[in-house]
Amino acid sequence: MTTRWLTPEEQRAWRAYLAATQLLEDTIDRRLQQDAGMPHLYYSILVHLSEAPERRLRMTDLAERVKITRSRLTYAVARLERDGLVRREGCASDRRGSLALLTEEGAGVLEEAAPGHVEVVRAALFDHLDAEQVGQLEEICGRIARALQGDGDAGCASGELPWRRRSTPCT
């Protein structure tokens, strides 16, 4: 099998993508550490819980939404639980399952951190793009995400993704 090396244009695009995503994540992390004492990952967990019905999600579903392994999520939720921002409870329909719930305190922390988060995302990303570029960014990132999740024409098998696992819904 012959290696399909990147063209010079692809190599430049790849390196620009790496630099931009690493710098963006670092910028967001620093702001959230300053404002809320938490990394971007923890903030993302709180956001997903805040958007869920009754502010609760099954842990496997939360892992898939945040795109992290279940073991990494368990560690993060344990930290958030120690801080009083999240609570875990068993799943009524499946004794092996558990739910993560956003507490009132967690909702308060999220509400306080959100303006700074939006401000840094806007300043670091969207203020540098025009409306057409925002649409292109959404299209490009969406296409890549669908392909990598196996939801597109070509992609990885969903079994290869560490956060994917069929689960029974909790009631």
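Reader: What is the relative accessibility at which Arg55 counts as partly exposed?

Author: This is a predicted model, in which local features need pLDDT of at least 70 and side-chain atom pairs count only at pLDDT 80 or more, while totals for chains, interfaces and linings use all residues. Residues are numbered from 1 along each chain as its sequence is written, and side-chain values use heavy atoms, with hydrogens and water left out. Residues are called buried under 20% relative accessible area, exposed over 50% and partly exposed in between, with a 1.4 Å probe and protein chains only. Arg55 counts as partly exposed because its relative accessibility is 24%.

Reader: Where in the chain is Arg55 found, and what is its phi near?

Author: Helices (H or I, at least four residues) and strands (E, at least two) are DSSP runs, numbered from the N terminus. Arg55 sits in the loop between helix 2 and strand 1. This residue is not a glycine, yet its phi is positive, near 55 degrees.

Reader: In which loop is Lys67 found, and what is its phi near?

Author: Lys67 is partly exposed, at 34% relative accessibility. Its place is the loop between helix 3 and helix 4, the latter covering 70-82. Lys67 is also a residue other than glycine with a positive phi, near 65 degrees.

Reader: Which residue forms a salt bridge with Glu89?

Author: Side chains of opposite charge can pair when their charged atoms come close. A salt bridge here is a side-chain nitrogen of Lys or Arg within 4 Å of a carboxyl oxygen of Asp or Glu. Glu89, in strand 2 (residues 86-91), is linked with a residue of strand 1 (residues 56-58), and the two are 33 residues apart. The closest N and O atoms lie 2.8 Å apart, and the partner of Glu89 is Arg56.

Reader: How exposed is each member of that pair, Glu89 and Arg56, and which residues are linked with them in a network?

Author: Glu89 counts as partly exposed because its relative accessible area is 27%. Arg56 also falls in the partly exposed class, with a relative accessible area of 26%. The network of salt bridges holds Arg56 and Glu89 together with Glu54 and Arg87.

Reader: How far apart are the closest N and O atoms of Asp83 and Arg79?

Author: Asp83 is partly exposed at 35% relative accessibility, and Arg79 is partly exposed at 27%. Between Asp83 and Arg79 there is a salt bridge, whose closest N and O atoms are separated by 3.0 Å.

Reader: What is the count of salt bridges by this rule?

Author: One further pair is Glu81 with Arg88, where the closest N and O atoms are 2.9 Å apart. Glu81 has a relative accessible area of 29%, so this residue is partly exposed, and Arg88 is likewise partly exposed at 29%. For the chain, the count of salt bridges comes to nine.

Reader: Which element gives the most to the lining of the largest pocket?

Author: On a 1 Å grid over the protein atoms alone, a pocket is an open set of points where a 1.4 Å probe fits, with protein on both sides within 12 Å along at least five of seven lines, and lining residues have an atom within 4 Å of a point. The largest pocket is lined by 33 residues, and those nearest its centre are Tyr17, Thr21, Leu24, Leu137 and Cys141. The elements giving two or more residues to this lining are helix 1 (8-36), helix 2 (40-51), helix 3 (59-66), helix 5 (104-124) and helix 6 (131-148). With nine residues, the element that gives the most is helix 1.

Reader: In which helix is Tyr17 placed?

Author: Tyr17 is partly exposed, because its relative accessibility is 45%. Its place in the chain is in helix 1.
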